[in-house]
Amino acid sequence: MDTIYIIITGSLVAISCGLLGCYLILRKMAMVGDAISHAVLPGIVIAFLLSGSRDSAFMLLGAGILGIFTTFLIEFFHTKGNLQTDASIGVTFTWLFALGVILISVFAGEVDLDQDCVLYGEIAYVPIDLWILDDGTIMGPRVLYIMGVVFCVILAFIMLAYKELYITTFDPSFAVAMGVSTTLWHYMLMGAVSLTTVASFESVGAILVVAFLIAPPATAYLLTEDFKKMLWITAFIGVLTAIGGYYLAVWLDGSIAGAMSVVAGLLFALAFLFSPQDGIITKKFKQMKPPVLETDQSIAEMIS
Amino acid sequence: MIRQVNDPVLELHDLTVTYNKKPVLWGVDLSLPKGALVGIMGPNGAGKSTLIKAAMGLVPLSSGFVKIFDQELDAVRKKISYVPQRESVDWDFPASVMDVVLMGRYGKVGMFKGLRKADREIAHDCLKKVSMENFAQRQISQLSGGQQQRVFLARALAQEADLYFMDEPFAGVDAATERAIITLLKEMSAQGKTVIVVHHDLQSATRYFDWAVLLNLRLVASGPAEEVITTPLLQETYGGKLTLLSEVGNLMQKEQYPTREN
């Protein structure tokens, strides 16, 4: 049962992050996810200090506010300060994260938090951290519920706003001319990324969140030129990553989050080498042996 | 020579736009007649693109106002259409030709609703008008420059608007595409639609447009093309580049000179 819980949680995180990541990489802002996942740290600490509890609701709220604040700052430095987006991201999240680290060290005695748990998380604890009702009924892993809700929210968001997200990503000025607010959808998307990042990193850690945000969409991008297929492939790769990562970790007796990130990276490498259109090795074979059938065969031989 | 018209489709009043406190458009008072095929011309950096962007509310105004069909911009968004510069988007984006043309229908469909079969039919018809119907399922990354421009045009047609803004639709396209586009624009104009085109090729201007706007930070001239495209007004617009201008003037008189290299 524990295995199932961990794999389902991992898959929910992977799909939620991956779907949003598709938009992020096409908007050339993949590292925003990285920024948010780090910059929310002071929000979590402040929420903890104010509420005095480790209640998820407060943590999510604090982190969520900081997440939106981060995207606002990035945008602000970029537009008002004429700073490049990547520089703006780098400046913003490093000082916010550092602020969080200082807050933790200053209030070390009072805060039951450390950087390790924030950065690396621990998906292995998912089955232990149960949601127990007041009358003692055990409802199952708490994180599973949180991620289930987040997953539904993200799915609904992308299905309802598919057109708006698609057009503001592809051609923002055309969207504005049509009356679709790019600013609104930018912050809606960033809000969704904040929510997902914050909800996910408690269980799987910031690094795995970043891996899930970027690696599966980047892999899917290499495999297809159709955006809807890209979303589906991303979700599929996300689930594959969660399952593969779990068993790799069991086999190695190592960190699950780490193993999942490694699998995500491996799948990307495979796509990079063997993607039907852009794969490096595929292209080599196409150059050497023009007939398509032979190329496919030789690749199949290489894989096996 | 700035001629104002009665009952204009587009009216700009005292329009000033600045980037970083440096003006790029200064005090433009412009009105354009319905059904005209308008060419906006001027040297590089004269504010041609900025003018149409300002008219559509894509850049903030430092002063002045815009009226389209005698109404506020937001009230008439569904009646206007925009063809951005081809380089403004990433053509490696995962989208098919059909996906892009369907974007033209988004405004009509409205928020949170899906596209209907009728929208696909309209998009297909628009692809036909630019002779791209056989490319509907093609990925946009595989198109040539001229084909990209046709796709953008088809997307604008799919908006079924009354006023079209086009930013350099002839830039970097092949001669066949240029002919196809100008034929289409003239048809649209004949149907009473107003088409405003940012253009940089002076030699073709009198043949293409029936209304010309000369711009260089300020509005230099606006009026019927044959009255506006004259040597003194061109000199006023293009300023110091006199030698270039006299060459252009000679070319215009002769007309039979090839106007482009490809």
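Residues are numbered from 1 along each chain as its sequence is written, while chains are lettered from A and ligands numbered from 1 in the order in which they are written. In this predicted model, local features need pLDDT of at least 70 and side-chain atom pairs count only at pLDDT 80 or more, whereas totals for chains, interfaces and linings use all residues.

Start with chain B as a whole. It holds 10 helices and nine strands. Helices (H or I, at least four residues) and strands (E, at least two) are DSSP runs, numbered from the N terminus. The radius of gyration of chain B is 18 Å, close to the 18 Å that the globule rule gives for 262 residues, so chain B is as compact as a globular protein of that length. That radius is taken over C-alpha atoms, and the rule is 2.2 Å times the number of residues to the power 0.38. Along the principal axes, the C-alpha atoms of chain B fill a box of roughly 55 × 40 × 35 Å.

Now the sheets. One is an open sheet of three strands in chain B, ordered β2-β1-β4, with antiparallel pairing. Two strands pair if DSSP finds at least two bridges between them. The edge strands are β2 (22-32) and β4 (63-68) of chain B, each pairing on one side only. From one strand to the next, the twist averages 20°. Seven bridges join β1(B) to β2(B), and B:L15 stands opposite B:V28 in β2(B). The hairpin of β1(B) and β2(B) has two residues between the strands, and there B:N20 takes a positive phi near 50°. On the other pairing, β1 (residues 10-19) of chain B meets β4(B) over five bridges. Here B:L12 faces B:V66 in β4(B).

Another open sheet in chain B has six strands, in the order β5-β6-β7-β3-β8-β9, and its pairing is mixed. β5 and β9 (218-224) of chain B stand at the edges with a single partner strand each, so one side of each is left without a neighbour in the sheet. β5(B) pairs with β6 (residues 163-167) of chain B in the parallel sense, over four bridges. B:I80 has B:L163 in β6(B) as its bridge partner.

Helices pack on this sheet. α5(B) lies across β5 and β6 of chain B, running at about 170° to β5(B). Axes are lines fitted to C-alpha atoms, for helices over the stretch in contact, and angles run from 0 to 180 degrees between N-to-C directions. Helix α9 (residues 231-238) of chain B touches β8 (211-216) and β9 of chain B.

α5 (residues 145-158) of chain B also meets α6 (residues 175-190) of chain B; their axes come within 10 Å and cross at roughly 15°. α5(B) and α6(B) are therefore roughly parallel to each other; angles under 35 degrees count as such, over 145 as roughly antiparallel, 65 to 115 as roughly perpendicular and the rest as oblique. B:G146, B:Q149, B:R150 and B:L153 in α5(B) meet B:T177, B:I181 and B:L184 in α6(B). Contact requires C-beta atoms, placed from the backbone, within 7 Å.

Chain A has a helix pair too. α3 (residues 41-51) and α5 (residues 85-106) of chain A pack at about 35°, with axes 7 Å apart. The contact includes A:L41 of α3(A) and A:F97 of α5(A).

Finally, the chains touch. The contact takes 20 residues from chain B and 19 residues from chain A. β5 (80-83) and α3 (106-109) of chain B are the elements that give two or more residues to the side of chain B that touches chain A.

Note on methods
Two residues are in contact if their C-beta atoms, placed from the backbone, lie within 7 Å.
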